[in-house]
Amino acid sequence: MLASLSITAWKRALDPHRKRKKIVKAPAPAGIVTLAAYILTIPAANLAVTHFGAVPVGFGYVAPAGVYIVGLALVLRDLARETAGRGAVLGAIAVGTVLSYFLADPALALASAAAFAVAETMDFAVYEPLRKRGLLVAMLASNAVGLLADSFLFLKLAFDSFAFLPGQILGKAWMTVAALVVLAALRRRKQATA
């Protein structure tokens with residue numbers, strides 16, 4: 001009986017078509033830091049909107065004050081996906097939403113959560129196939145899609161108006177470009193010292 005069990009186990013181990021259990025690894029310290037920063041951007045953006053209202057973003061446009069923080073969140077989300085994985089990012093959205101709900105206006109928190117979730121889904125669809133072409137290319141394209149989806153949905157749910165749409169897009173684009181410039185510079189510096 002024991003011999004037949006060990007032979008069966010051996011055959012299963014050698015079978016290349018057998019289903020393997022996926023081992024989930026905990027994120028590395030860089031992933032944890034990135035996730036924490038991403039989580040904090042969600043309530044920070046909602047608190048900024050609650051306390052500061054609209055802010056100028058250039059070319060005569062204004063947007064809700066959280067626009068710059070959300071632009072940064074788009075980049076942090078992609079970095080968190082790189083270092084911690086897709087599931088961790090979805091969990092981070094949930095944690096950030098709960099924090100927002102208790103720290104900021106609950107209606108803004110719910111609008112923000114819905115916008116982040118939809119934008120994240122669309123972002124995944126763009127980011128994953130483009131990742132093979134490079135991190136910065138994938139981030140730029142996915143953030144463009146993500147900021148449009150986030151802007152449309154958030155403005156509709158939070159304010160039932162698209163009056164801030166040009167400012168939302170411009171403000172998020174400024175932060176996305178600034179963050180990508182910093183990341184490109186850090187990458188070049190790392191390559192130069194390697």
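**Notes on the predicted model**

1. Reading from the N terminus, the chain goes α-α-β-β-α-α-α-α-α, which makes 7 helices and 2 strands. Helices (H or I, at least four residues) and strands (E, at least two) are DSSP runs, numbered from the N terminus.

2. Housekeeping: this is a predicted model, where local features need pLDDT of at least 70 and side-chain atom pairs count only at pLDDT 80 or more, while totals for chains, interfaces and linings use all residues. Residue numbers start from 1 along each chain as its sequence is written, and side-chain values use heavy atoms, leaving out hydrogens and water.

3. Of the 194 residues in the chain, 36% are buried (under 20% relative accessible area; exposed is over 50%, partly exposed in between, with a 1.4 Å probe and protein chains only). For contacts (heavy atoms within 4.5 Å) with a separation of 6 or more, 71% are between residues 24 or more positions apart.

4. Helix 2 (29-52) is worth a look. At 1.5 Å a residue its 24 residues should span 34 Å, and the end C-alpha atoms are 33 Å apart, which agrees; the expected span is 1.5 Å times one less than the number of residues. Its buried residues include Leu-35, Tyr-38, Ile-39, Ile-42, Pro-43 and Val-49. Among the elements covering the buried residues of helix 2 are strand 2 (61-64), helix 5 (106-130) and helix 6 (135-159). After helix 2 comes Gly-53, with a positive phi near 65°.

5. Where does Pro-27 lie? Pro-27 is in the loop between helix 1 (2-14) and helix 2, and is partly exposed, with a relative accessible area of 29%. Setting aside neighbours within four places in sequence, Pro-27 is in contact with Ile-32, Leu-35, Thr-83 and Ala-84.

6. Helix 3 (residues 67-84) and helix 4 (residues 86-103) pack at about 135°, with axes 7 Å apart. Axes here are lines fitted to C-alpha atoms, for helices over the stretch in contact, and angles run from 0 to 180 degrees between N-to-C directions. The two helices are therefore oblique (under 35 degrees is roughly parallel, over 145 roughly antiparallel, 65 to 115 roughly perpendicular, the rest oblique). Arg-77, Ala-80, Arg-81 and Ala-84 of helix 3 meet Arg-86, Ala-88 and Val-89 of helix 4. That contact has 4 nonpolar, no polar and 3 charged residues (nonpolar: Ala, Val, Leu, Ile, Met, Phe, Trp, Tyr, Cys and Pro; charged: Asp, Glu, Lys and Arg; polar: the others, Gly among them).
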